[in-house]
Amino acid sequence: MTSGRADVSLNDGLAALDYLKQKPDADIKIAAKSEKTPAAYLPFRKGSDDLVKEVNKAIVKLQKDGTLTKISEKYFGEDFSQE
């Protein structure tokens, strides 16, 4: 878009916010946001059920204690942790 070869682009919200944070003077803007936030996934090797449970517990803990909110706001300027 900044090269003038496109008028619009569909992007993941985090990617767009990261780009704007790195290039605050970029001549682009977020025109619309989707109401639905896509899920994010982490890959695990088959049979890693115990590891998956522990990672999920850790994510819930970080969400509850506000750590994910702080990280989200620090790096993206918005809280994506509760969506």
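The exercises below work through a predicted model of one protein chain, each with a solution in steps.

**Exercise 1. Confidence along the chain**

Task: Find which helix has the lowest mean pLDDT and which the highest.

Solution: Begin with the chain as a whole, which averages a pLDDT of 86, with 95% of the residues scoring at least 70. Turning then to the elements, helix α1, residues 13-22, has the lowest mean pLDDT at 83, whereas helix α2, residues 49-64, has the highest at 95.

**Exercise 2. The length of helix α2**

Task: Work out what span the 16 residues of α2 should have, and compare that span with the distance between the end C-alpha atoms.

Solution: The expected span is 1.5 Å times one less than the number of residues, so the 16 residues of α2 should span 22 Å. The end C-alpha atoms of α2 are 23 Å apart, which agrees with that expectation. Following the chain just past α2, one comes to glycine 66, which takes a positive phi of about 90°.

**Exercise 3. Two salt bridges**

Task: State how many salt bridges a search of the whole structure finds, and describe where the partners of each pair lie.

Solution: The search of the whole structure finds 2 salt bridges. In one of them, glutamate 78 pairs with lysine 33, and the closest N and O atoms are 3.0 Å apart. Because glutamate 78 lies in the segment after α3 (67-76) and lysine 33 in the loop between α1 and α2, this pair ties together parts that are 45 residues apart in sequence. With a relative accessible area of 27%, glutamate 78 is partly exposed, while lysine 33, at 54%, is exposed.

The other salt bridge joins the side chains of glutamate 54 and lysine 57, with an N to O distance of 3.1 Å. Both of these residues lie in helix α2, 3 residues apart, which is about one turn of the helix. Glutamate 54 counts as partly exposed at 44% relative accessibility, and lysine 57 is exposed at 52%.

**Exercise 4. Serine 72 and glutamate 78**

Task: Decide whether serine 72 is buried or exposed, and list the contacts of serine 72 and of glutamate 78, leaving aside neighbours within four places in sequence.

Solution: Serine 72 is found in helix α3. Its relative accessibility is 6%, and since buried means under 20%, serine 72 counts as buried. With those neighbours left aside, serine 72 is in contact with Gly77, Glu78, Asp79, Phe80 and Ser81. Glutamate 78, counted in the same way, is in contact with Leu17, Lys33, Ser72 and Glu73.

Key. Residues numbered from 1 in each chain as written. Predicted model: local features only at pLDDT ≥ 70, side-chain atom pairs only at ≥ 80, totals over all residues. Heavy atoms only, no water. pLDDT = per-residue confidence, 0-100. Helix = DSSP H or I, 4+ residues; strand = E, 2+ residues; numbered from the N terminus. Salt bridge = Lys/Arg side-chain N within 4 Å of Asp/Glu carboxyl O. Buried < 20%, exposed > 50% of the residue type's maximum accessible area, 1.4 Å probe, protein only. Contact = heavy atoms within 4.5 Å.
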